[in-house]
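Okay, thanks everyone for coming.

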Amino acid sequence: MVKVADEAKMLADIREILDNYPPEERYILAVMQDMQKRFNYLPKAGLRMLAFYVGVPLSRVYAMASFYKAFSLTPKGQYVFRVCDGTACHIKGSETLIEQLYKCLGIRPGETTPDGRFSIETVNCLGACALAPVVVVNDRVYAKVMPGDVEKIIREYGGYAHEGKNED
Amino acid sequence: MKEKMKIESSVNKIMVCCGTGCTANGARQVLAAFMDRLKDNPDFAVVPVLKATGCNGWCEKGPIVKIMPQDISYCHVKAEDVDEIIEKTLLKGELVKRLLYRDPVKKEFVTSIHQTDFYRKQHKIALRNIGEIDPGSIDDYIERGGYKALEKVLKEMTPDEVIEEILKSGLRGRGGGGFPTGLKWQACKNTPRFPKYIICNGDEGDPGAFMDRSIMEGDPHTIIEGMLICAYVLNAEKGFIYVRDEYDLAVKYLGQAILDARERGFLGENILGSNLCFDIELVRGGGAFVCGEETALIKSIEGYPGEPHDKYVFPTEKGLWGQPTVINNVETWANIPVIILHGAEKFASLGTEGSPGTKVFSLVGKVVNTGLVEVPMGITLREIIYEIGGGVPEGRQFKAVQTGGPSGGCIPASHLDLKVDFDTLTREGSMMGSGGIIVMDDTTCMVEVARYYTNFLAGESCGKCTPCREGIRALVEILTRICKGEGELSDLQLLRDISEVMQEASLCALGRTAPNPVLSTLRFFEDEYIAHIVDKRCPAGVCPALTTFYIDPELCTGCTLCKRNCPVDAIKGEAKKKHEIIEDKCIRCGECYRRCRFKAVKVR
């Protein structure tokens, strides 16, 4: 349920972002980046307003939103676990970390827990290869994470009681 | 050696490395602690200058704090150590020995990181300023000779002379293509259409590679100066720096640098009193690997999905918005001011005949000294991995080194004496790429590595052409099957056949080089593929479906190390007694296998 006041606020925020850029096609990417930062995803209203503002069909804006990895069309969780799966992290066991996260949270990369608290993402490389494997939760960096640490980290963010029913 | 080591007492500069690696390890807290303790500190007659620098390269030892002019380097510094450093080093002129680097072989303390094996073999051109300056300060850059090269071309050289100099230096594109930079500039200059555009490709997407990031974060002005010199040659008025949005610090420092350069008159109208008018805009990428390909990147700047197109016509003729465009990689731009200032001969005297100069590599994976290194071309892989990198840690066996990013190849121990330059690596089925060097040991499964890279590329293929889109997908399917133990011997030929089609028929370099990881592992590590397919086992103990760990009772000493580190309590046994792995509980993470000091944990 989005309240009317929230929606008005969102529209005002979108307006504010658009006003920072001239209405030209080449700023579509920049506007979407700002929206993603502000809302943690690209709201439908935002894409509509952007398309209208620049003067292109919505499909054109949608093509950009779905092509570039930085964007999400659904809201992300309050705590986003970004597991680095760059080569250095991969050969030092990032795959096992993703498995452990699945065991604890019941979600795979790209998914969000039903209560909207946790999301998991993989990132190609954070450039912190000396700390491999690396997990970043929002802005906090966890270095040299071992499979056993995963549960402890989740507990720092209030824990999560996943029943483990999703085992495949 | 109990006597105190005395050092000179006049302290000027404290430099805290705030590169990404060090920051993740707490460098910002160290910096804040210094700031707090130095502020209004009555003990100092002259308060030392505190600087947050870019990446020193030796991320393994971070956070690194350097104290100048004595050239003292402290490693693994924590905020708690700051009081002691101030007390002993800054005020009394004594060394804090426990924070110094200790040579693992000679067991001696080393005062400065510059005297260590990691740095001694390096030769810094592109990284010359990084770690020595505050990237947020244009004055720091100018103090080290910054914008002198620009002044030189504006006052003393014609555009043709500049091209001549770059051609003579033999500089080749550092982004991986290796195309001679001088020829590119010349082609663009000869295209008689205006406006012309200049682009810096900072969309560094190779996993395990962070050379360009380090330059953008640590020395942003060198990129601007390089682009300005090109602008003078082409008579271009507008430039773009395309940078990955995930690189927060790079975006911040580049943005700051552009503003500062404008304020000082290095960007804008009539630069340094000449006719040159040039400005730069920062474009943030959207996280698509293929945008590192130049035609895709150009599409992305124009505001479209970054899909590459075939290069019957090069961007130098028809690039951004159809206009003549020069696009070079970050590291290439960083080399330009040095070539102009110190001359092409000096640059060309380094490296090999076909690949002059130096190259920055990010040395990561199963190697002791992880970090960023800049070495003359032509150095051997063995020198990089063993002499600079310190070899493979924990007494493990070296297996392979992967170069060239996801589309590169894996090179086995028997080929370690290969010279690292553009042509040699390509001949061996790998490539230089943008400079990632990933070391793998006997706990790395080569089939799984091939699957990892191919899977990465599957997600990054833009989908425009069929050989790449469908080919990669088919490769991933087959490799995944093999990793699960469901492969057949005929799969090996199938992998080769699909690869060949992709190499021949894909539209851009992403598709053409995507089979490299598969082909190079098949070439050098076919036995591992066969072990997966025929013996149904993963020799490295990585693929869960094909791995069973067990503890050799003859070798187990009951030290409990494996038991303590098992994330799922799948190891039973009491201290000083033989341990045992409970197979049903084991998740095959390999933690016990990697940790056991007596090699008692085995792969069946």
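Before anything else, one term: I'll call a residue buried if 20 or more other C-beta atoms lie within 10 Å of its own. And please keep in mind that this is a predicted model.

Is Gln402(B) buried or exposed? Well, Gln402(B) has 30 C-beta neighbours inside 10 Å, so Gln402(B) counts as buried. You'll find Gln402(B) in strand β13 of chain B, which runs over residues 398-403. What does Gln402(B) touch, once we leave aside its neighbours within four places in sequence? In chain B, Gln402(B) is in contact with Gly408(B), Cys410(B), Ile438(B) and Met440(B), and over in chain A with Thr87(A). For a bit of scale, take Cys508(B): Gln402(B) and Cys508(B) are 106 residues apart in sequence, and C-alpha to C-alpha they're 22 Å apart in space.

Now domains. Chain A has domain 1, at 4-67, and domain 2, at 79-156, according to the domain assignment. The C-alpha centres of those two in chain A lie 29 Å apart. Chain B is divided into domain 1 (13-120), domain 2 (138-347), domain 3 (358-441), domain 4 (446-533) and domain 5 (548-603). Take domains 1 and 3 of chain B: their C-alpha centres lie 29 Å apart. Their contact takes seven residues from domain 1 of chain B and seven residues from domain 3 of chain B. On the domain 1 side, that's four nonpolar, one polar and two charged.

Okay, the inside. The largest nonpolar core has 216 residues, and the ones touching the most other members are Val134(A), Val16(B), Ile223(B), Met227(B), Ile229(B), Ala231(B) and Ile384(B). Which element gives this core its largest share? That's helix α10 of chain B, residues 220-234, with ten residues. Apart from this core lies another, of twelve residues, including Cys566(B) and Val601(B).

Beyond its neighbours within four places in sequence, Ile223(B) is in contact with residues including Ile215(B), Met216(B), Val330(B), Trp333(B) and Ala334(B).

In chain B, the axes of α9 (residues 211-218) and α13 (residues 330-342) come within 9 Å and cross at roughly 50°. So α9(B) and α13(B) are oblique to each other. From α9(B), the contact uses Met211(B), Asp212(B), Ile215(B) and Met216(B), and from α13(B) it uses Val330(B), Glu331(B) and Ala334(B). Those residues come out as five nonpolar, no polar and two charged.

And why can we call α13(B) largely enclosed by the rest of the structure? Because eleven of the 13 residues of α13(B) are buried. Among them are Trp333(B), Asn335(B) and Pro337(B).

Key:
Residues numbered from 1 in each chain as written. Chains lettered and ligands numbered in written order. Predicted model: local features only at pLDDT ≥ 70, side-chain atom pairs only at ≥ 80, totals over all residues. Domains from an automatic or database assignment. Axes fitted to C-alpha atoms, helices over the stretch in contact; angles between N-to-C directions. Helix = DSSP H or I, 4+ residues; strand = E, 2+ residues; numbered from the N terminus. Parallel < 35°, antiparallel > 145°, perpendicular 65-115°, else oblique. Contact = placed C-beta atoms within 7 Å. Nonpolar A, V, L, I, M, F, W, Y, C, P; charged D, E, K, R; others polar. Core = buried A, V, L, I, M, F, W, Y, C linked by C-beta atoms within 7 Å.
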